[in-house]
Amino acid sequence: NAAMAGPVKRKGRKPPPLGAEDAPDGEGARARAQSGSRGTHWALQLLPVLVFFGFAAVVLGCIYWKFGWKIFMSPDSKRLRLGVAEWQEQILPLKTIVMIGGPHRGGTTVLWECLRQHEDVGDFGTTFQSGSDFSEGIFLQDVYPQFGVGGEIQSMMPGGQAGKGGMGKYLFAEEELVHWTEEHPLVSEESQARLLNSFGYHWNLSKRVLLEKSPPNMHLGRFLQAVLNQGAPQPRSVARFVFISRHPIANALAHRSLRECRDLSITDLVHHWVIAHEYLAEDFRRLDFARNLTLEAFAQDPAKHVAELWEFMGIGAGGAWDPASSQVQAAVQRVRRDPNAKYRGAYCRTVTSSEEDAKGHQRLVRKFNSRVQDVGLGYDLNEWHCLASIV
């Protein structure tokens with residue numbers, strides 16, 4: 001029987017299926033291609049995410065490089081929590097607050113850089129330290145508006161509100177919106193504490209003189225004086241003001257060197273300069289402690305002006321500062337002696353080489369020169385020597 005039986009079938013495990021490496025050449029190639037395509041598909045899906053995060057990292061890095069870590073903090077976290085009584089009774093009686101103002105592109109930063117060099121002066125530090133563009137106080141508070149300054153580029157974007165403010169044009173708004181005085185309804189002890197808590201976060205309050213700089217102070221002076229002097233015994237004033245100006249044509253051309261102001265004409269920018277200085281001329285006599293100077297005069301003898309202004313600010317032992325002292329000289333070493341040279345040269349070349357531009361200058365003079373002269377700073381739209389031939 002055994003001999004008659006067929007071959008014995010033995011039970012065992014099935015051989016494993018062929019893998020890509022065991023498959024015939026055609027099937028293996030297809031398997032490898034499919035595996036590679038799946039990897040490529042996932043890489044392509046991740047690419048936009050990686051690009052987005054890479055771009056975001058670059059943008060945030062650039063912002064940090066300029067503005068430091070404070071730019072990423074919420075406004076409320078950058079504010080002290082001191083009450084009205086603490087400011088009025090414990091802090092302000094021992095302090096002098098000096099506020100610098102003037103037209104944008106008019107020399108406020110140059111002046112601020114010099115005055116802040118004394119060790120008795122507390123300021124906001126650099127842009128990187130304060131998180132504020134040019135370390136200006138107007139961007140660090142929410143009591144009064146910024147007038148669109150700093151938001152010019154955004155206003156030029158689709159959906160932006162072009163013409164609603166910004167450098168070189170915001171003073172064309174109604175006077176009650178931009179020219180604030182002691183009659184403004186926001187003059188109060190609450191505004192005082194809120195403003196000082198915002199500034200105080202950035203100031204070194206151990207310093208006796210506290211310095212702030214924002215160009216719009218030139219048309220907010222009476223409002224700021226009234227706010228800061230809340231609770232101060234008369235005749236003492238907590239606030240002192242230093243204003244600096246610049247030749248209106250040079251100032252206009254300095255504006256036009258910025259991307260956000262290139263659509264503004266020289267005529268419009270000179271008009272804006274006139275409005276700002278007319279507000280200042282009206283307010284100046286109502287300020288208890290104020291000084292006014294021009295960038296041109298400051299640049300010619302910066303040591304003399306810094307010495308005088310430090311004395312005005314109450315810095316030192318009470319005597320006059322010597323302009324030749326090493327401390328004053330160190331403070332002014334970076335001041336350029338002719339800050340208008342580039343703009344004067346460009347304007348002169350333009351109006352003396354083109355009859356049309358020469359007529360444009362004559363129209364500018366007829367329209368605004370009397371008002372420029374009336375603000376009392378000694379400026380004249382025809383004062384540059386190159387313009388004598390076209391007057």
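This is a predicted model: local features need pLDDT of at least 70, side-chain atom pairs count only at pLDDT 80 or more; totals for chains, interfaces and linings use all residues.
1. D76 and R79 pair up in a salt bridge, their closest N and O atoms 2.9 Å apart (a side-chain nitrogen of Lys or Arg within 4 Å of a carboxyl oxygen of Asp or Glu). D76 is partly exposed at 43% relative accessible area, while R79 counts as buried at 12% (buried is under 20%, exposed over 50%, partly exposed in between, with a 1.4 Å probe and protein chains only).

2. Numbering runs from 1 along each chain as its sequence is written, and side-chain values use heavy atoms, leaving out hydrogens and water.

3. The structure has 15 salt bridges. One of them joins K213 to E136, with the closest N and O atoms 3.4 Å apart. K213 sits in strand β3 and E136 in the loop between α4 and α5, so this pair ties together parts 77 residues apart in sequence (helices, H or I, at least four residues, and strands, E, at least two, are DSSP runs numbered from the N terminus). K213 is buried at 0%, and E136 is buried at 5%.

4. Now α14, residues 341–353: its buried residues are Y343, Y347, C348 and V351. They cover an arc of only 125° around the axis, so they share one side of α14 (the arc is that of directions from the helix axis to the C-beta atoms). K342, R349 and S353 are exposed on the other side.
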